[in-house]
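Let's take a walk through the charged side chains of this protein. Keep the viewer open and follow along.

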Amino acid sequence: MCGIVGYVGRSQAAPILLDGLRRLEYRGYDSAGVAIVNGDHLETRKCAGRIASLANLISKKPATGFYGISHTRWATHGKVTDENAHPHFDATGKIALVHNGVIENYQTLKEQLIQDGDTNFQSDTDTEVLAHLIGNIYRKLEGTNGKDSKARLVNATRAALKQVIGTYGIAVVHADIPDFIVGARRGSPLVLGVGKDENFLASDVSAIVAHTRDVVYLNDFDLVSFDSENFEISSIEGTSGQHAVSKVEFTAEDIKKGDYPHYMLKEICEQPDTVRDAMRGRLTYEECTAKLGGLDMNAAELRDVARIVLTGCGTALHAARVGEYVIEQLANIPVDVDFASEYRHRNTPPTEHTLVFAISQSGETADTLGALRESKRKGYRTLGICNNVASTIARESDGGVYMHAGPEIGVAATKSFTSQLIILNLIGLLLGRMRQLSTAQGKQMIDALEALPGQIEQVLKLSDQIESIAKKYSGVNGMLFFGRQFNYPIALESALKLKEITYLFAEGHPSAELKHGIIALIRPDLPSVFIAPDDAVLSKNLNNIEQVKARKGPIIAITSGNGAKQLKNLAADIVEVPTTIDCLTPVLTVIPLQLLAYHLAVALGRDVDKPRNLAKSVTVE
């Protein structure tokens, strides 16, 4: 969740650290702070609130120095206060530490430190305990490494982390050790940026891409130490390994808002391109199928697949639910969808020839990564669908499909969702053509896929109409969302979007469940949004809509084709999207509902890109 930035070089650190934190603010924005080494002391500035509050504090009381660490927080242990903001310090105040993750045994470690005479704790955080532990060990190591204080700090950090149960991405500095930072990771992402006469450390490359595109992605249990010219990476156990320097694919321009008022709107509007990029080079007219070489499975292995499990969290889970309908229809293979948090902890009966897909935009989602590891532990071939080719899920999976959606900064996922839908349709097409789909059906699918970017552009032109609908309903306390078959998961996803950025009550349900209790909620001040395209179940949706109208419930309909005519006298508001084949309708029906949530949030004055209590990448449980 939290964001970390570290810098060692020849420039003033504060502006670089602040710029990096601003680019990481989507990871957490409860509080923020910096610790910059100036001579033989630490210049520390930290406060509760957004990065802007920290920047204001530094403008009034500048912090100077050429190396330091910084942090933007999403609170886990301890309230949102100045005292609980990072960095945290050891008992001497000489060692500063920033941390992303959770130290599960911090209470036990704290009690041990207190017994050892270390009682000067200033916060309620688990992180401060780790800082004290490193400092305690550092002092005990005095004299064991001669005059090499850098080695002492590395060894103290290594020894402390061996005692830790939990997850961490950390950066550590010592006021008496110039031009030197130590970092380590387990379960929380960390990347080293390699520059000319300067080096960086960050939770995400977006924080440092304006300064360097040469990076080293750290693995779990890696420990890195570096100055402005060199770096060294070893394991927590002390063994060295090979780490390649990679080139970041995107630039600093790609993560700017441009002329858009919010990242979320920018990313909604990028979907014609991101959907096109998700398909690029993956369709073949000659064989009327999809090509997904990243799966690392030959034709015989793919034909042997007898069961598929799709797992993820939040929006990724909703994409998986669409994938369940798609793959079962196109390929006639049984598909199970499971919350990643449940899959990793329950005892699922083993079956032969099961293929598992772990779906995550960031590729770092803690529960999804745990599900991937549990799946591999049980011997299943486990593939990833993610947007970060260097992420932990991408590296630990047996293969997978890269989304090519580009950086997604808005906390509420939009373009990553439609990219996931495209990839799941490509998987369905590939497996279907190996089984039951004819050449003609494959060609029809490809034609429909290639028409999608242009159709999405048509949907985006409805933004003004959708904004008017949002303003009309800006006084309601919530909404219900209904859909059937392929569009039931869109009801779930649309309700989630509304909850995330408007903070209103919202529920998503299968339309046919209306009579089984939900109808009791219908009233004139609670709108029902029906996703009712011109598909195989349109008549069934119309019947449910009639039942809501009979009880004076306002109806907003997302429809297509013949549906618009049939809904004319039923729905108060109708949004018409282009017609496509049934399994691709979710790509088109979700976009008006992304826009509805967006425009409603703007009308209500919400912070669209940084909704309360949320962070973009959930890297802790």
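How many salt bridges does the structure hold? This is a predicted model, and the structure holds 32 of them. Let's visit a few.

Start with aspartate 90 and arginine 139, whose side chains meet in a salt bridge with an N to O distance of 3.3 Å. Aspartate 90 sits in the loop between β5 (88-89) and β6 (95-103), while arginine 139 belongs to helix α4 (residues 126-140), so this pair ties together parts that are 49 residues apart in sequence.

Now turn to helix α7 (residues 271-279), which holds both aspartate 273 and arginine 276. These two residues are three apart, about one turn of the helix, and their side chains form a salt bridge at 3.0 Å, N to O. Here, aspartate 273 is partly exposed, with a relative accessibility of 45%, and arginine 276 is partly exposed too, with a relative accessible area of 31%.

Next, find lysine 266, which is joined to glutamate 270 by a salt bridge whose closest N and O atoms are 2.6 Å apart. Is lysine 266 buried or exposed? Its relative accessibility is 10%, so lysine 266 counts as buried, the cut-off being under 20%.

Finally, look beyond single pairs. Which residues are linked in a network of salt bridges? Select Arg185, Asp220, Glu364, Arg373 and Glu396, and you have such a network in view.

How values were computed. Residues are numbered from 1 along each chain as its sequence is written. This is a predicted model: local features need pLDDT of at least 70, side-chain atom pairs count only at pLDDT 80 or more; totals for chains, interfaces and linings use all residues. Side-chain values use heavy atoms; hydrogens and water are left out. A salt bridge is a side-chain nitrogen of Lys or Arg within 4 Å of a carboxyl oxygen of Asp or Glu. Helices (H or I, at least four residues) and strands (E, at least two) are DSSP runs, numbered from the N terminus. Buried means under 20% relative accessible area, exposed over 50%, partly exposed in between (1.4 Å probe, protein chains only).
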